[in-house]
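Reader: I would like a close look at a single part of this model and at how that part sits in the whole. Please keep the account plain.

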Amino acid sequence: MPAPTANPSPALRRAGWLVAGVLVAAVLGAYANTLRAPFVYDDTLAIPENPTIRKLWPLSAVLLPQIEGGVTVAGRPVLNLSLALNYALSGTDVWSYHVSNILIHAGASLLLFGIVRRTLARREHTTATTTAAVMAEATAGGSDATTPGRLAFAIAALWALHPLHTQAVTYTVQRAESLMGFFYLLTLYAFVRGLDEQAAGRQPRRWWALSVGACALGMGTKEVMATAPLLVALYDRTFAAKSFVAAWRERKGIHLALVATWLVLAALLWSTGGNRGGTVGLGVGLPLWAYPLTQFEAL
């Protein structure tokens, strides 16, 4: 069956750009008053006192920061590089760091909108009586054809403006979270675009190459990215292949490539001694049963 959103009409394209503009404006408006927020807590070690971000060359010093003690940027070359770019732009003046954080969050919101819209459109077309009937209704501008877009906008807007994101956006060095999240969503979005291209009889290679590249960059940003290949496999099984066997048979190349990015993460963890300077793992003075309980207090 042709991909449901492979060739959207001009009206749907305009609506998409309008939604994108509204989402970005909403994020900018919500966080505009944070541009002068000072560096706090771990920001100090990762930015003003981090000598590895003061020069962009040699690049190896930026990508492999030799920092002891589990500093936020240790073993996270993509995060450190992003901070180095900000330092080159504004030194220790906070504005460029906050602008970057806000734009990263806005970009993640757009990716979430795209993922949800395409997923809902795929489901809508899968359950339709005939493809021709649905495409005719979409061409005619029927209300049902825009339902995925409206619902996707509501979901993305609620996510973008949720207060739980405040720390990841306004606490400068927590870009580790927001930038990893951006790459996480880009990995899934590019995979979904590849599915649509494949369903339309076109080569999905460029989208899947982007998916793998984003996954590798996410591994170099924060370790939580490790679950991304698993999420993509679950998405494939749930919304496209309908079984893990079919997903493996039809798209094992992309899934193997995504799993291979774990090697990037393993190498980076090894570079920090395997436990990020003693800040992660079970060797931090807590018994196994007590470690999960600390998360309730954190939340």
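Which residues does Phe191 touch, not counting residues up to four places away in sequence?

Author: In this predicted model, Phe191 touches Trp208, Ser211, Val232, Tyr235, Asp236, Arg251, Ile254 and His255, with residues up to four places away in sequence not counted. The largest nonpolar core has 37 residues, and within that core Phe191 and Met225 touch the most other members. At least two residues of this core come from each of helix 1 (10-31), helix 5 (95-126), helix 7 (143-160), helix 9, helix 10 (205-219), helix 11 (228-241) and helix 12. Helix 9 gives the largest share, twelve residues. Apart from this core lies another one, of 15 residues, including Ala46, Tyr171, Val173 and Ala176.

Helix 9 covers residues 175-199. Its 25 residues reach 36 Å from the first C-alpha to the last, close to the 36 Å expected at 1.5 Å a residue. Most of helix 9 is covered, with 20 of its 25 residues buried. Just after helix 9 comes Gly201, with a positive phi of about 85 degrees.

Two of the residues that Phe191 touches, Asp236 and Arg251, form a salt bridge, their closest N and O atoms being 2.7 Å apart. Asp236 lies in helix 11 and Arg251 in helix 12, so this pair ties together parts that are 15 residues apart in sequence. Both Asp236 and Arg251 are buried. Salt bridges that share partners join Asp236, Glu250 and Arg251 into one network. Side chains of opposite charge can pair when their charged atoms come close.

Arg251 itself is found in helix 12, which spans residues 244-260. Arg251 counts as buried because its relative accessibility is 6%, and buried means under 20%. Its side chain makes a polar contact of 2.7 Å with the side chain of Asp236, and another polar contact, of 3.4 Å, joins the side chains of Arg251 and Glu250. With neighbours within four places in sequence left aside, Arg251 is in contact with Phe191, Leu195, Gln198, Trp208, Asp236, Ala240 and Ala241.

Arg118 is buried, with a relative accessible area of 5%, and Asp196 counts as buried at 1% relative accessibility.

A further salt bridge is formed by Glu223 and Arg76, whose closest N and O atoms are 2.8 Å apart. Here the two distant parts are loops: Glu223 is in the loop between helix 10 and helix 11, and Arg76 is in the loop between helix 3 (59-63) and helix 4 (77-90), 147 residues apart. Arg76 is buried, with a relative accessible area of 8%. The count of salt bridges comes to seven.

Of its 299 residues, 42% count as buried. Among contacts with a separation of 6 or more, 72% are between residues 24 or more positions apart. The protein chain exposes about 15600 Å², and carbon and sulfur atoms supply 67% of that area.

Conventions
Residues are numbered from 1 along each chain as its sequence is written. This is a predicted model: local features need pLDDT of at least 70, side-chain atom pairs count only at pLDDT 80 or more; totals for chains, interfaces and linings use all residues. Side-chain values use heavy atoms; hydrogens and water are left out. Helices (H or I, at least four residues) and strands (E, at least two) are DSSP runs, numbered from the N terminus. Buried means under 20% relative accessible area, exposed over 50%, partly exposed in between (1.4 Å probe, protein chains only). A polar contact is a pair of N or O atoms within 3.5 Å; within protein, one must be able to donate a hydrogen and the other to accept it, and residues adjacent in sequence count only if both atoms are side-chain atoms. Contact means heavy atoms within 4.5 Å. The expected span of a helix is 1.5 Å times one less than its number of residues. Accessible areas come from the Shrake-Rupley method with a 1.4 Å probe; for residues, only the protein chains shown count as cover. A nonpolar core is a set of buried Ala, Val, Leu, Ile, Met, Phe, Trp, Tyr and Cys residues joined through side-chain atoms within 4.5 Å. A salt bridge is a side-chain nitrogen of Lys or Arg within 4 Å of a carboxyl oxygen of Asp or Glu.
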